[in-house]
Amino acid sequence: MIGAARLWRRRPASRTIVRMLRQPSARRFALLLLLLAGFGVTLLLVPHPDPRDLPRLAHSLGGYAPAVAVVGGALLLVALVPRTFVTLAAGAIFGPVQGAAYALGAALLAAAIGFAVGRLLGRQFVAERVRGRLARLDGWFARQSVLGVITVRLLPIAGFGLVSYGYGTTGARVLPFLAGSVIASAPTAIGYAAIGAAVSSPGSINWYAAAPASLGLIASVLIIHRWWRAERHRRLGPS
């Protein structure tokens, strides 16, 4: 009994975690982390289907195929499946034009779900604990316009779903976040849907249809440069 008490006293970190988990906001945040960890493990264990086998699904689903594509694609993105795979699959099943449209619809729905889950499970925990530079960073997210969201989306920080969850834990506004998410996703959605269509129908490859994918890189450079100049001007202040 005495030995157990001494061991407990030697573990202040354990006591801190236990005290923290007594708070509802900490329990919700822990649930969010467990959810993301579960998605990550599932991605490692579940085999990925071949995009060339996916067009058969559209015929079996009939008129429900577009709705299933949008909702199913959104759930995959929420489960941290890379957006590249979801868009390639949409292009392989529906062709470049419809595939890109459904992929964008899935991205919009997934962004809304991820943001809502992050806001519900993680926002209060983060807001109660941010201090100093983290508080200023949280304020920056709260002031972000659509352009700021596009900038973050185009940076190679994390996957689409993870960024959506992360935004929900900040003070970001939902409408600029959703608009910026869709705009940032558009160039690569068009390009990868065209590539997916080409994979399922090799005889109908149209490389010009994949050209919009390069717009993502160009837009990234321009937006990051504009953001850097704005930040530099803000730090220097009026001369």
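Me: In this predicted model, where buried means under 20% relative accessible area, which residues of H6 are buried?
Reply: The cut-off for calling a residue buried is a relative accessible area under 20%. Applied to helix H6, which runs over residues 83-94, that cut-off gives a list made up of Arg83, Val86, Thr87, Ala89, Ala90, Gly91, Ala92 and Phe94.

Me: What span should the twelve residues of helix H6 have, and how far apart are its end C-alpha atoms?
Reply: The expected span is 1.5 Å times one less than the number of residues. For the twelve residues of H6 this comes to 16 Å, which agrees with the distance between the end C-alpha atoms, also 16 Å.

Me: Which residue just after H6 takes a positive phi?
Reply: Helix H6 covers residues 83-94, and the positive phi, about 95°, is found just after the helix, at Gly95.

Me: Is Leu77 buried or exposed?
Reply: Leu77 belongs to helix H5, which covers residues 65-78. Its relative accessible area is 1%, and because buried means under 20%, Leu77 counts as buried.

Me: How far apart in space are Leu77 and Gly159, C-alpha to C-alpha?
Reply: Along the sequence these two residues are separated by 82 residues. Leu77 also has contacts beyond its neighbours within four places in sequence, among them Phe160 and Gly161. From C-alpha to C-alpha, the distance in space between Leu77 and Gly159 is 8.9 Å.

Me: Which residues is Ser185 in contact with, leaving aside its neighbours within four places in sequence?
Reply: Ser185 sits in helix H11, residues 174-200, and is buried, with a relative accessible area of 2%. Once the neighbours within four places in sequence are left aside, its contacts are Arg83, Leu104, Ala107 and Phe160.

Me: About how much accessible area do Val41, Leu44, Leu45 and Val46 have together?
Reply: One of these residues, Leu45, lies in helix H3, residues 24-45, and is exposed, with a relative accessible area of 67%. Together with Val41, Leu44 and Val46, Leu45 forms a nonpolar patch on the surface, whose accessible area is about 440 Å².

Me: How far apart are the end C-alpha atoms of residues 141-163?
Reply: The unreviewed UniProt entry includes residues 141-163, as well as residues 101-121, in its "transmembrane region" annotation. Residues 101-121 are 100% helix and 0% strand, with end C-alpha atoms 30 Å apart. Residues 141-163, for their part, are 70% helix and 0% strand, and the distance between their end C-alpha atoms is 12 Å.

Notes: Residues numbered from 1 in each chain as written. Predicted model: local features only at pLDDT ≥ 70, side-chain atom pairs only at ≥ 80, totals over all residues. Heavy atoms only, no water. Helix = DSSP H or I, 4+ residues; strand = E, 2+ residues; numbered from the N terminus. Buried < 20%, exposed > 50% of the residue type's maximum accessible area, 1.4 Å probe, protein only. Contact = heavy atoms within 4.5 Å. Patch = residues over 30% accessible without salt bridge, like charges linked within 9 Å, V, L, I, M, F, W, Y side chains within 5 Å. Areas by Shrake-Rupley, 256 points an atom, 1.4 Å probe, with all protein chains shown as cover. Salt bridge = Lys/Arg side-chain N within 4 Å of Asp/Glu carboxyl O. UniProt positions renumbered as here; feature names shortened; annotations may be inferred.
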